Structure formats: C-alpha cells, structure tokens
Amino acid sequence: MDDEISLWEVLAVLLRRRGTIVLTTIAVTALAVAATLIRAEEFTTEAAFRPQGSEVSGSQLMALASQFGVSVPGGGEEASPAFYAELLRSREILSRAATRSYDIDGVGTVLLRDLLEIEEDTEALRDAATIEWLREEAVSVATGRETGTVTVSVTTEWPDLSKAIADELLAEVALFNLNTRQSQAAAERAFIEERVQEAEEDLEAAEEELRIFLEANRQWQDSPLLTFRQQALQREVTLRSSVLTTLVQSYEQARISEVRDTPVITVLQDPFFPPGPDERRLVLSAALGIVLGGMMGIVLAFVVEAWRRPSEGDPAKQDFQQTWEGLKRSIPFVGSRA
C-alpha cells in the first residue's frame, strides 16, 4: 500500500509550504478587491407592472358562442408574467431601446451605441452589439407567480440612462400590449360582424315562419296542437332575438376595444432616479478572493513540493522531467539556448 497518500503527509506539505499558500491567498484577495474598487460605479433602477385582464370578449358572448359550438378568438386570456419577462428581453423590445438617443447629464444627447463606444464594421452590427449588451448586462427581469407582477431592473454607469432605458422598456411593453389587444379586437369584430348578419337572417326566417303560421291559423287558440305549435314558433323568435341582441352588444364592445388607446398594463412602480451608486460588495469580493486564493495556494504548494522532491526512486517524476526536456528542445530558440 505504498501508493496510498497519508493524511499526515498532506498536512506536512501544507505546513512546509504555508508561506506559498498565504502569499497566494493574499495576492488573489488583493486582486479581487482591487478589481472591485477600480470598476466603474453602476446605478440601478427598478420598475414593476402587472398586465390588466382583457375586456374584449364578454362572458355572455363566450357562453353564447359555446352553445353553438363556436370558439371566439382571443377568449380574454391573459399572458403569464413569464411571457412579459421574455418579451422584455426580446429583440422586438430591446431594439427600440438600443437604437434611440438619450439625454445624459454631462454628455448631452447621444445614441446608446455611441455612448457605449461600440466599434463594429457596420451600423447593423453595432445595433446588434448594443442589443446584446442590454440583454446580457443592463436589463434583468423577475416575475412574481403569486402576484402576477413583472419587475424589470436596469443597471448602467449613468443614473439618468438607467431610468431612461427603464422608461423606454415600459413604454414599449405597453405599446406592444395595446397593439396586440387592438389587433385581437379587430379580429373579433370581424367575426362578430359575420355572426350578426347570420343572426339577423335567422331572426327574419323565424319571424316569417311565425307570420305564415298566424295567417294560416287565425283561431289557433281553440286547438291545443296549434297552440303548442304557436308557442314553439314564438320561443324560436324570442331566442333568435336574444341572440341578435347579445351579438350586437358584443359587436359594439369590440368596435370600442379596437380603437381604445388606454394603457393595458398597470404600473405598480415607476422607474426612479437612482439615489446613489450600487454597493460594491467589498466583503463578498474579499471572501471570494480568500476562498479562491486558498484553493490556488494549496494546489501551488503541492506542485512546488512535487517539483522540488528528489527524482531518485520516483519513476513518474523522472519520466515527466525527460518529457519536459524533450519538449523544450523541440521548440526553436528555446532548445538551442538549453
């Protein structure tokens, strides 16, 4: 069992190379803290909203359509918060925020791609890089399943830019949602318009049948069979009239919804001007530096120990040294110097 590594041998290596471990840990921690300190300040703003329920299709129309086996488009279903989270990170929304200009205090009115100093061969590539920067670095989205809210956070090096981008994203989501609702309402209006025409024809047919019956049977009250027939025809007329009334009401509602330009998202928190830069989290950076530096120091300690250990009686080390020397001789200029 000579190949087994003893715990005491490991501890001995750590004690002998404690200086290497400590110095490596200090160096990595210092680098982590320095990187945190020299990093540019960032400013974060947040906004939250909740989509409003659709009011295009009334419950009466849905119930009536289901009786006839007809599915009304839209159905009043509301997209989930996850949908809006993906929407906020989509190219459709981010492209408008990426290609517009912003008024930055101390800088002036400038395009976002120019402010970020993005260099690409074409304007299209610059816009694509700006969109990618927004998606990967500046914009983050969180959703609340229980409350149905969507929270968007924007982080940049300029406080007024963070707020302006958040305002733009909310405006684009509201516009996208509004256009979607209006398109849905237009489709429903066209559908209901066809149903209104059919309902008018059905009502006229039922009324005509009742008129013909009454003209042919002026004394229908004296016959139980004719009375039953008259009541059936009258019920048909009443039903068709009710259907037409409901469809006309829904048609007018769809026409109103088609041109309605009121907001269809409820803003729970407007984007605010960041009061100060984000916390740098020096303690977290130092802790990560200590952990990472300690791990690197331990690995380096064992590497140094193995390298300085005598090679006599260690075939593995002798083979490594021979391979290393052969590699150096095969490299131009390096092998000649060796």
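Figure 1. Glu168 has a relative accessible area of 13% and is buried, where buried means under 20% relative accessible area, exposed means over 50% and partly exposed lies in between, for a 1.4 Å probe and protein chains only. This is a predicted model, in which local features need pLDDT of at least 70 and side-chain atom pairs count only at pLDDT 80 or more, while totals for chains, interfaces and linings use all residues. Residues are numbered from 1 along each chain as its sequence is written, and side-chain values use heavy atoms, with hydrogens and water left out. Glu168 is placed in helix 8; helices (H or I, at least four residues) and strands (E, at least two) are DSSP runs, numbered from the N terminus. Not counting residues up to four places away in sequence, Glu168 touches Arg96, Ala97, Arg100 and Tyr102, contact being defined as heavy atoms within 4.5 Å. With Arg100, the side chain of Glu168 forms a salt bridge at 2.9 Å, N to O, a term that requires a side-chain nitrogen of Lys or Arg within 4 Å of a carboxyl oxygen of Asp or Glu. The pair links distant parts of the chain, since Arg100 sits in the loop between helix 5 and strand 2 (101–104) and Glu168 in helix 8, 68 residues apart. Arg100 counts as partly exposed, at 31% relative accessibility.

**Figure 2. The crossing of helix 5 with helix 8.** The axes of helix 5 (residues 91–99) and helix 8 (residues 159–216) come within 10 Å and cross at roughly 135°, where axes are lines fitted to C-alpha atoms, for helices over the stretch in contact, and angles run from 0 to 180 degrees between N-to-C directions. That angle makes helix 5 oblique to helix 8, because angles under 35 degrees count as roughly parallel, over 145 as roughly antiparallel, 65 to 115 as roughly perpendicular and the rest as oblique. Helix 5 contributes Glu92, Ile93, Leu94, Arg96 and Ala97 to the contact, and helix 8 contributes Glu168, Leu169, Glu172, Val173 and Phe176. By class, the residues of this contact divide into six nonpolar, no polar and four charged, with Ala, Val, Leu, Ile, Met, Phe, Trp, Tyr, Cys and Pro counted as nonpolar, Asp, Glu, Lys and Arg as charged, and the others, Gly among them, as polar.

**Figure 3. Glu172 in helix 8.** Glu172 lies in helix 8 and is buried, with a relative accessible area of 9%. Leaving aside its neighbours within four places in sequence, Glu172 is in contact with Ile93 and Arg96. The C-alpha atoms of Glu172 and Leu88 are separated by 8.8 Å, although these residues are 84 residues apart along the chain.

**Figure 4. Helix 5 against helix 7.** Helix 5 and helix 7 pack at an angle of about 110°, with their axes 9 Å apart, and the two helices are therefore roughly perpendicular to each other. Their crossing is right-handed. Arg91, Leu94, Ser95, Ala97, Ala98 and Thr99 in helix 5 meet Asp127, Ala128, Thr130, Ile131, Leu134 and Arg135 in helix 7. The residues of this contact divide into six nonpolar, three polar and three charged.

Figure 5. Side chains of opposite charge can pair when their charged atoms come close. The side chains of Arg113 and Asp127 meet in a salt bridge at 2.6 Å, N to O; Arg113 lies in helix 6 (residues 112–115) and Asp127 in helix 7 (residues 123–138), so the pair ties together parts that are 14 residues apart in sequence. Arg113 is buried, with a relative accessible area of 16%, and Asp127 is likewise buried, with a value of 16%. A network of salt bridges links Arg113, Asp114, Glu123, Arg126 and Asp127. Elsewhere, the side chains of Arg240 and Asp202 meet in a salt bridge at 3.7 Å, N to O, and this pair ties together helix 9 (residues 224–259), which holds Arg240, and helix 8, which holds Asp202, across 38 residues of sequence. Asp202 counts as partly exposed, at 31% relative accessibility.

Terms used
A crossing is left-handed if the near helix is turned anticlockwise from the far one by less than a right angle, and right-handed if clockwise.
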